[in-house]
Amino acid sequence: MKFYKPLRPFKAISFDLDDTLYDNHPIIIKAEADFLVYLRTTYQQLAELDARKWGLYRDLLIKENPALQHDVSLWRKEIIQRIMVVYGIAMVNAIKYADNALQVFLQLRSDFTVPEKSIKLLQQLALHYPVIALTNGNVNVKQIGLHDKFQFVIKAGDGLRSKPHLDMFQQAASKLDIKVEDILHVGDHLISDVYGAQNNKAQAVWFNPNHTKLERAKLLPTLEMADLQDLLAIL
């Protein structure tokens with residue numbers, strides 16, 4: 001554990017989800033691959049769809065509508081719908097099929113078990129502070145067994161901009177009846193989590209299990225740790 005700034009008193013702890021409480025990298029790679037198989041085998045018009053073509057449409061959609069970056073589920077649904085129409089599926093059907101396909105993806109990307117040590121940590125922390133989650137992602141917290149481990153979960157989308165913007169931090173503070181600066185935010189990403197928290201006056205714990213250098217940082221975290229169990233030492 002390494003401190004970059006004095007740790008101020010705090011009133012709540014917020015967590016990022018992906019790559020903080022579990023390793024999301026292999027999960028999302030498998031989910032993306034399985035999802036393409038689903039699309040190719042379910043819709044004969046998409047039989048030639050591959051990861052490269054998917055990526056081209058993904059990039060095109062975000063270039064056309066940058067606001068989609070704040071709602072990854074809507075972004076994915078728009079990609080699916082666009083691809084289906086381009087590949088010859090009628091728009092009226094593409095809209096319906098895209099909704100169904102999104103639900104399939106959400107199930108695939110949430111098909112894993114959170115490490116027991118992460119669950120126990122959340123339970124221990126909750127004895128001392130309100131524990132919440134702020135995520136830019138779209139994991140199904142009930143499916144992965146975290147729905148009852150947080151006081152509440154806030155996801156980007158539906159008008160809330162993704163971290164590092166203020167929106168989710170502000171909504172969390174409002175729901176807890178505290179100030180944003182009373183939140184201690186824990187996350188792995190130097191921009192969305194560390195910069196997002198610090199720039200909005202919250203404190204940031206940078207979870208850095210791979211001992212990455214701070215070269216991409218825009219603001220220093222309050223402290224850095226390679227093991228989330230170290231959180232218990234600062235209670």
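**The second largest pocket**

Modeller: The second largest pocket is lined by D71, V72, S73, G137, N138, K155, A156, G157 and D158. Please note that this is a predicted model, in which local features need pLDDT of at least 70 and side-chain atom pairs pLDDT 80 or more, while totals for chains, interfaces and linings use all residues. Residues are numbered from 1 along each chain as its sequence is written, and side-chain values use heavy atoms, without hydrogens or water.

A pocket here is an open set of points on a 1 Å grid over the protein atoms alone, where a 1.4 Å probe fits, with protein on both sides within 12 Å along at least five of seven lines; lining residues have an atom within 4 Å of a point. The space in this pocket is about 150 Å³, counted as what probe spheres fill when set on grid points joined across faces, edges and corners. Its lining has 2 nonpolar, 4 polar and 3 charged residues. Ala, Val, Leu, Ile, Met, Phe, Trp, Tyr, Cys and Pro count as nonpolar; Asp, Glu, Lys and Arg as charged; the others, Gly among them, as polar.

Now the sheet. It is open, with 7 strands in the order β1-β7-β6-β5-β2-β3-β4 and mixed pairing. β1 (2-3) and β4 (153-155) are the edge strands, each with a single partner, so one side of each has no neighbour in the sheet. Strands are DSSP runs of E, at least two residues; helices are runs of H or I, at least four; both are numbered from the N terminus. Strands pair if DSSP finds at least two bridges between them. β2 (residues 12-15) and β5 (residues 183-187) run parallel, joined by 4 bridges. One of the bridges links A12 to I183.

α6 (residues 167-176) lies across β2, β3 (131-135), β4 and β5, at about 155° to β3. Axes are lines fitted to C-alpha atoms, for helices over the stretch in contact, and angles run from 0 to 180 degrees between N-to-C directions. Contact means heavy atoms within 4.5 Å. In the loop between β4 and α6 sits P164. A cis peptide bond joins K163 to P164, with omega about 20°. α7 (residues 190-199) lies across β5 and β6 (203-207), at about 160° to β6.

Last, the helix pairs. α2 (residues 51-64) and α3 (residues 72-86) pack at about 115°, axes 9 Å apart. Their contact includes W54 and Y57 of α2 and W75 and I79 of α3. It divides into 10 nonpolar, no polar and 5 charged residues. α1 (residues 24-42) and α4 (residues 91-109) cross at roughly 145°, their axes coming within 8 Å. F35 and Y38 of α1 and F105 of α4 are among the contact residues. In the loop between β2 and α1 lies D19. D19 is not a glycine, yet has a positive phi of about 65°.
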